[in-house]
Amino acid sequence: MTENTPAIATADTYKRLGANPYRPWPARITSIQQLTPKEKLFELRIIDASVRDAFRHTAGQFVELSIFGVGEAPISISSAPSKQGFIELCIREAGTVTSAMHRMRAGDIVGLRGPFGRGFPFDEMRGHDILLVAGGLGIAPLKSLINHIHDERHEFGKVTILLGARSPKEILFRQEFDMWRHREDFDLQMTVDIPDDDWDGEVGLVTKLFDALEVDPENTYGAICGPPVMYRFVVAEMRKKDLDVDRIYVSFERRMKCGIGKCCHCGVGHKYACIDGPVFSYWEAMNLKEAM
Amino acid sequence: MFFKIIDKESIVDLYAGLAAEYDEVTGPKTSPKDPRYVKFGKIRDASQLRLDYKTSIVPPKKYFLAADERLMRYDRTTGEVYDTEPPLQTRALIGVHPCDINAILMLDDIFLNEFEDPYYKVYRENTFIVGVSCMPSPTCTCNSFGADEVHRGFDLFLSDLGDRWFVSVRSVKAAAIVDRYLDAREVTADDTRAFQERTKRFKKALPKRMDLDQLPLLYDAKYDYPLWEDIGKDCLSCGACSVVCPCCYCFDVRDTLSADGRVGKRHRVWDSCLASEFAEVAHNHNFRPKAADRVRYRFYHKFVGNFTRNGKMLCVGCGRCTTACKAFIDPQRIVKALESEDTPASAGTRKGGGAQ
Ligand SMILES: Cc1cc2nc3c(=O)[nH]c(=O)nc-3n(C[C@H](O)[C@H](O)[C@H](O)COP(=O)(O)OP(=O)(O)OC[C@H]3O[C@@H](n4cnc5c(N)ncnc54)[C@H](O)[C@@H]3O)c2cc1C
Ligand code: SF4
Ligand code: SF4
């Protein structure tokens with residue numbers, strides 16, 4: 001009955017550096033962009049050059065962000081693995097740490113631990129069509145994947161991105177994505193629950209976008225991230241399109257304190273979202289108690 | 001491992017030796033607050049040791065995973081982080097029962113895996129463990145969990161033969177202590193026979209073993225049965241069970257600032273998965289909103305989760321939760337309920353754990 005947990009690349013990083021995995025690395029905020037009323041995009045640079053060089057992430061991994069004097073919170077890395085020297089975090093003001101982060105200015109110092117967790121199986125996804133579905137802040141980890149696919153666009157077949165948000169104002173990375181809507185190599189569709197006067201896109205839940213979608217089930221990988229309520233419905237749509245259960249990937253949010261499989265807060269069935277996830281295949285997720 | 005015999009009184013020499021070699025000696029002693037109880041604490045004189053104790057209220061896990069551990073200090077303005085190691089202090093821990101040593105071995109699997117916990121590791125490496133034999137209390141179920149015997153995880157082990165101790169010497173450090181401080185003699189055939197007798201008496205006094213072979217599968221199969229609602233109704237979400245459990249280890253992390261706001265400290269403190277906010281995330285979404293969800297999770301982690309990960313159930317049958325829980329929720333009750341309940345929840349009543 002013993003099951004191997006996947007090799008953890010980050011454990012190696014910490015071993016190589018001989019570093020205490022609870023110790024945050026000081027990082028400077030290099031720029032801040034207000035994306036929506038509730039979300040900002042932060043660009044960070046780890047101050048210690050040797051740590052900065054050792055820091056390598058894959059799309060879907062996260063960091064533990066420290067605000068000194070306040071606490072820590074797990075945050076997905078939004079930037080692509082190819083973006084070296086800088087790390088981007090898209091953060092919603094949701095509680096103690098994230099609100100404190102929102103009060104920070106460029107030049108201020110925070111702490112980072114990580115990268116932690118298992119991201120999307122990028123190597124396995126190469127050569128296939130990709131169907132990404134993000135609800136609200138769920139775009140944060142998917143943005144890293146999108147950027148990585150963008151870097152190696154010729155390696156992929158059809159790439160479809162479905163974005164759902166409550167209102168047009170709440171669409172993250174809207175400027176960027178607005179431009180993408182006219183690109184040939186990405187099929188990007190957006191929908192909102194509550195439109196405003198200027199909205200010319202779809203209205204309704206993100207699942208609605210599936211109706212007109214053509215998917216090659218033999219050749220497609222799906223990736224989903226969004227609020228807890230979203231997963232079941234989006235997975236159902238993907239299953240209707242005959243995607244295999246082990247080719248649909250979901251990224252979970254759970255409460256986390258350590259990021260290294262000790263504190264138990266992120267337990268899902270017999271797994272921990274922090275070291276076994278946060279990205280799980282739907283096959284894994286459907287076999288975990290309380291996952292979806 | 002080799003064996004020696006020492007007199008009962010030689011415990012004084014053992015104490016003196018450990019006190020000379022280690023910064024601190026701790027062990028079971030009468031609780032200063034209530035003489036009916038025994039707790040692990042600092043031993044200043046061998047006469048304080050209560051090696052015939054039943055079960056301590058709080059297990060000795062506190063010496064490896066402190067109830068409140070400072071992880072680091074930092075300068076809030078510069079982000080400089082320092083004091084990331086626990087103060088290096090050596091400790092001898094005398095009088096640990098087999099179940100509690102087995103529990104420490106389980107914590108090793110978690111804290112000394114590919115992500116080594118540097119704090120746990122320092123305590124573990126700098127603690128000399130002296131195990132001691134016991135006789136079962138009515139609440140003990142160690143034999144059901146294979147925790148009534150222990151073969152590693154200690155330096156010395158003392159088995160009580162009435163007027164003398166049968167000593168198992170497990171580590172190099174222990175051999176040195178025996179050599180330097182104890183007037184130990186070789187084991188005779190009589191001693192071995194007496195040891196065998198003692199073991200037999202101990203085994204006889206243990207309760208009937210629960211059959212746990214099916215437990216992980218049964219748990220998965222009956223995950224949505226109403227038994228959890230029944231048991232959960234009783235739970236007060238007080239977390240006492242987590243505090244007293246030698247195999248429970250979850251924690252919360254907290255930051256505090258000095259009065260001038262310049263220097264901060266980060267601590268980790270014991271937590272409990274029975275606490276209502278344990279699995280709560282932003283926007284008031286709670287993955288385990290009901291006490292029933294949380295009780296089910298606690299024992300799932302113990303009997304299925306950890307078992308699936310590394311082949312061990314996170315329970316040594318020490319009986320502490322049986323004593324501590326005001327709602328009479330303990331492993332025996334869970335096992336019984338899982339075995340006897342045979343009515344699935346009617347379709348559509350509830351689906352797993354309040355998750356979406
Ligand atoms: C893998 C992963 C990736 C993530 N990525 C991102 C990301 O990219 N961007 C982003 O913005 N967020 C992300 N999150 C979510 C983020 O980590 C949480 O929202 C986190 O709670 C924010 O921390 P905070 O201190 O600001 O909020 P908290 O102060 O923790 O408050 C958040 C909520 O948690 C509850 N809560 C917290 N503490 C307590 C308590 N002591 N008692 C009771 N209830 C409490 C409350 O319901 C509160 O509303 C991610 C989470 C995970 C697990
Ligand atoms: S199971 Fe018992 S000890 Fe544990 S939280 Fe519930 S009432 Fe408290
Ligand atoms: S669950 Fe109860 S009996 Fe089992 S080890 Fe923990 S406290 Fe002891």
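A: What follows goes through the ligands, then a strand with its neighbours, then a few individual residues.

Q: Before that, what should I know about the numbering and the kind of model?
A: This is a predicted model, in which local features need pLDDT of at least 70, side-chain atom pairs count only at pLDDT 80 or more, and totals for chains, interfaces and linings use all residues. Residues are numbered from 1 along each chain as its sequence is written, chains are lettered from A and ligands numbered from 1 in the order in which they are written, and side-chain values use heavy atoms, with hydrogens and water left out.

Q: OK, where does ligand 1 lie?
A: Ligand 1 lies between chains A and B. There are 26 residues around ligand 1, and those that come nearest are Pro74(A), Arg92(A), Thr96(A), Thr98(A) and Glu280(B) (a residue is near a molecule or strand if one of its heavy atoms lies within 4 Å of it).

Q: Which atom of Thr98(A) lies 2.5 Å from an oxygen atom of ligand 1?
A: That is a polar side-chain atom of Thr98(A), while from Val97(A) a backbone N or O atom lies 2.8 Å from an oxygen atom of ligand 1. In Ser76(A), a polar side-chain atom lies 2.9 Å from a nitrogen atom of the ligand. A polar contact is a pair of N or O atoms within 3.5 Å; within protein, one must be able to donate a hydrogen and the other to accept it, and residues adjacent in sequence count only if both atoms are side-chain atoms.

Q: How much of ligand 1 does the protein cover?
A: On its own, ligand 1 has 950 Å² of accessible area, and the protein covers 78% of that (areas come from the Shrake-Rupley method with a 1.4 Å probe; for residues, only the protein chains shown count as cover).

Q: And which element gives the largest share of the shell?
A: The largest share, 4 residues, comes from β4(A) (helices, H or I with at least four residues, and strands, E with at least two, are DSSP runs numbered from the N terminus). By class, the shell around ligand 1 has 14 nonpolar, 6 polar and 6 charged residues, where Ala, Val, Leu, Ile, Met, Phe, Trp, Tyr, Cys and Pro count as nonpolar, Asp, Glu, Lys and Arg as charged, and the others, Gly among them, as polar.

Q: Changing topic, is strand β7 of chain A buried or exposed?
A: Strand β7(A), residues 129-135, is mostly covered, with 7 of its 7 residues buried (buried means under 20% relative accessible area, exposed over 50%, partly exposed in between, with a 1.4 Å probe and protein chains only). Asp129(A), Leu131(A), Val133(A) and Gly135(A) point one way from the strand, and Ile130(A), Leu132(A) and Ala134(A) point the other way.

Q: Which strands does β7(A) pair with?
A: β7(A) runs parallel to β11(A), residues 220-225, with 6 bridges joining them, and it also pairs in the parallel sense with β8(A), residues 159-165, over 6 bridges (two strands pair if DSSP finds at least two bridges between them). Leu131(A) has Gly222(A) as its bridge partner in β11(A), and Gly135(A) has Gly164(A) in β8(A). From β7(A) the chain crosses through helix α5(A), residues 139-151, to β8(A) in a right-handed β-α-β crossover, meaning that, with the strands pointing away from the viewer, the path from the first strand over the helix to the second runs clockwise.

Q: What joins Gly114(A) and Pro115(A)?
A: A cis peptide bond with omega of about 0° joins them, and Pro115(A) is in strand β6(A), residues 109-116. Another cis peptide bond, with omega of about 10°, joins Gly277(A) and Pro278(A). Most peptide bonds are trans, and most residues other than glycine have a negative phi.

Q: What phi does Asp242(A) have?
A: Asp242(A) has a positive phi of about 70° although it is not a glycine, and at 52% relative accessibility Asp242(A) counts as exposed. Ser237(B), also not a glycine, has a positive phi of about 55°, and Ser237(B) is partly exposed at 26% relative accessible area.
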